[in-house]
Amino acid sequence: EKGGYDHFMLKEIYEQPKAINDTYRGRLLRDEAIIKMAGIEDNMKKFLNANRIIIVACGTSWHAGLVAEYIFEDLARIPVEVEYASEFRYRNPVITENDILIAISQSGETADTLAAIKLAKSKGAFVFGVCNVVGSSIARESDAGAYTHAGPEIGVASTKAFTTQITVLSLIALRLARAKGTISSSDYRHHLLELEMIPGKVEEALKSDALIKSISQVYKDSPNFLYLGRGYNFPVALEGALKLKEISYIHAEGYPAAEMKHGPIALIDENMPIVVIATKKGHYEKVVSNIQEIKSRKGKIIGIVTEGDVQVKELADHVIEVPETLEPLTPLLTTIPLQLLSYHIAVMLNKNVDQPRNLAKSVTVE
Ligand code: F6R
């Protein structure tokens with residue numbers, strides 16, 4: 001059942017090219033330059049007239065929501081707020097009939113996310129669900145939705161659910177951007193083309209597995225890790241840190257790289273491994289100067305870089321390459337090495353990768 005892999009998590013990491021493809025298949029029609037999603041088409045007026053989109057989710061799904069915030073605002077120019085479902089539902093939020101709530105959930109059973117939906121509905125907001133499990137409670141409670149089609153995710157640590165959530169949300173953002181005219185026809189086509197190339201590029205990224213395993217060996221006994229990223233890759237830094245915490249029980253924190261100087265830089269010494277997402281697009285030069293600041297304090301840098309990178313390679317202790325793509329799609333690639341890093345470290349530490357202590361696959365308690 002694990003298809004020859006030692007753990008479900010590893011199997012699911014390797015399934016991502018197919019899962020992402022399954023998620024956009026039948027929806028992304030590149031020849032016609034069309035994105036076809038019934039849940040969006042049937043409610044296009046609501047989406048175009050919305051004051052704002054509120055995204056609610058928990059954990060990894062919340063990180064996918066943060067990536068979506070960047071892409072919705074960047075491409076479709078719709079204001080987005082991303083909320084932890086558990087905070088949103090308990091703080092008397094301002095919600096109106098002109099708001100759209102997007103709930104993201106792999107299991108579709110997360111109690112706090114479900115409660116947030118019910119609250120938003122009671123205030124007249126339109127609720128759109130992005131779930132993986134077909135027929136789940138959140139899918140049923142939503143007014144409309146789009147499934148991720150990742151296939152069953154068994155490992156407690158979410159992997160392919162995350163990348164397929166980003167895929168669905170990117171399709172929605174692109175569709176809305178096209179309808180609103182906030183993206184040019186040629187940019188739109190370029191995004192569709194690049195999205196179709198993502199599964200192949202994820203395959204490429206997976207080829208760094210052996211390298212990542214050797215890096216894991218070096219740092220597996222570190223008590224702390226920092227993860228840094230900017231822009232679209234800031235949520236990826238959060239997700240990388242969460243993956244490591246969950247399955248290896250190593251303390252890890254994700255930060256926007258520019259926030260380092262406001263506190264976390266005090267943590268840096270020669271014992272601190274720092275994973276920095278430093279792909280070519282998106283504030284590359286700024287991230288390079290963040291890396292210089294870390295190196296001058298002797299921190300150990302594991303850089304996630306674009307294929308062919310030169311500058312970071314000179315500064316970093318290790319680099320892991322991912323193929324180049326458009327900036328909004330980089331999270332689909334930069335996430336892969338971070339999943340593998342946490343996986344290998346947890347295995348080396350003899351942890352129960354698929355069923356980490358204290359965690360459940362779906363959190364049905366509030
Ligand atoms: C992380 C993880 C959890 C879930 C969170 C939300 O690897 O698995 O953080 O992402 O409990 O679960 P869903 O997406 O099912 O609502």
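How far is an oxygen atom of the ligand from an N or O atom in the side chain of serine 107? The gap is 2.7 Å. A polar side-chain atom of serine 105 lies 2.6 Å from a ligand oxygen atom, and a backbone N or O atom of serine 158 is 2.8 Å from an oxygen atom of the ligand. The protein covers 90% of the 410 Å² of accessible area that the ligand has on its own (Shrake-Rupley method, 1.4 Å probe).

A word on the model before we go on. This is a predicted model, in which local features need pLDDT of at least 70 and side-chain atom pairs count only at pLDDT 80 or more, while totals for chains, interfaces and linings use all residues. Residues are numbered from 1 along each chain as its sequence is written, and side-chain values use heavy atoms, with hydrogens and water left out.

Now let us look around the ligand. It is surrounded by 15 residues, the closest being Ser61, Ser105, Gln106, Ser107 and Thr110 (a residue counts if one of its heavy atoms lies within 4 Å). By class, this shell has 5 nonpolar, 8 polar and 2 charged residues; Gly is counted among the polar ones, and Ala, Val, Leu, Ile, Met, Phe, Trp, Tyr, Cys and Pro as nonpolar, with Asp, Glu, Lys and Arg as charged. Helix 5 (59-76) and helix 12 (234-248) are the elements that give two or more residues to the shell around the ligand (helices are DSSP runs of H or I, at least four residues, numbered from the N terminus).

Definitions and conventions. Polar contact = N/O pair within 3.5 Å; in protein donor to acceptor, adjacent residues only side chain to side chain.
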